[in-house]
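Have a look at the structure, then read on.

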Amino acid sequence: QVQLVESGGGLVQAGGSLRLSCAASGRTFNGYGMGWFRQAPGKEREFVAAVRWSDGNTIYANSVKVRFTISRDNAKNTVYLQMNSLKPEDTAVYYCAAGRVLTRLTGGYDYWGQGTQVTVSS
C-alpha cells in the first residue's frame, strides 16, 4: 500500500523558513515524479514544485521559483521542500504527490498524502 506522509508544517512569520518532508513507502518510486501542491481556503489546488526521483530533474511554479527548493533523498525515500522568504500568500495546506511523469498537472499524480498546514503571519 502506497503511503505518502508529510511533515514539517507550522506557523512562521513572513520572511521565515520551513522545510517540509514527504516520506514515501509501499512501492518503488524510481522514475516517478514527486510533487508538492498547495491549497488555500476557497482556492483550487495548485502546483508548487516537482522532482523526478531517478535523475533529480526539477520544475517549479513561477511564484516560488527563487524561494523554494525541492530535493530528494533516495536512501531515505523522502522528498523535501525547503521554503525560504515565506509570504502570507504561501499560507495553505501543502500536499505531497507521486506520479508516473514529471508534470505540473494535478491529474498526473496517482498518489497523495494527507497534507500539512503552513501558515505565514504578516
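1. Start with Y109, which counts as buried at 5% relative accessibility (buried is under 20% relative accessible area, exposed over 50%, partly exposed in between, with a 1.4 Å probe and protein chains only). F37 is buried too, with a relative accessible area of 0%.

2. A word on the source: this is a predicted model, where local features need pLDDT of at least 70, side-chain atom pairs count only at pLDDT 80 or more, and totals for chains, interfaces and linings use all residues. Residues are numbered from 1 along each chain as its sequence is written, and side-chain values use heavy atoms, leaving out hydrogens and water.

3. How many aromatic pairs does the structure hold? There are six, where rings of Phe, Tyr and Trp (its six-membered ring) pair if their centres lie within 6.5 Å; planes under 30 degrees apart are stacked, over 60 edge-to-face and the rest tilted. F37 and Y109 have ring centres 5.1 Å apart and planes at 80°, so they sit edge-to-face.

4. Y109 also pairs edge-to-face with W112, at 6.2 Å centre to centre and 65° between the planes. W112 is partly exposed, at 26% relative accessibility. Ring pairs join F37, F47, Y109 and W112 into a cluster.
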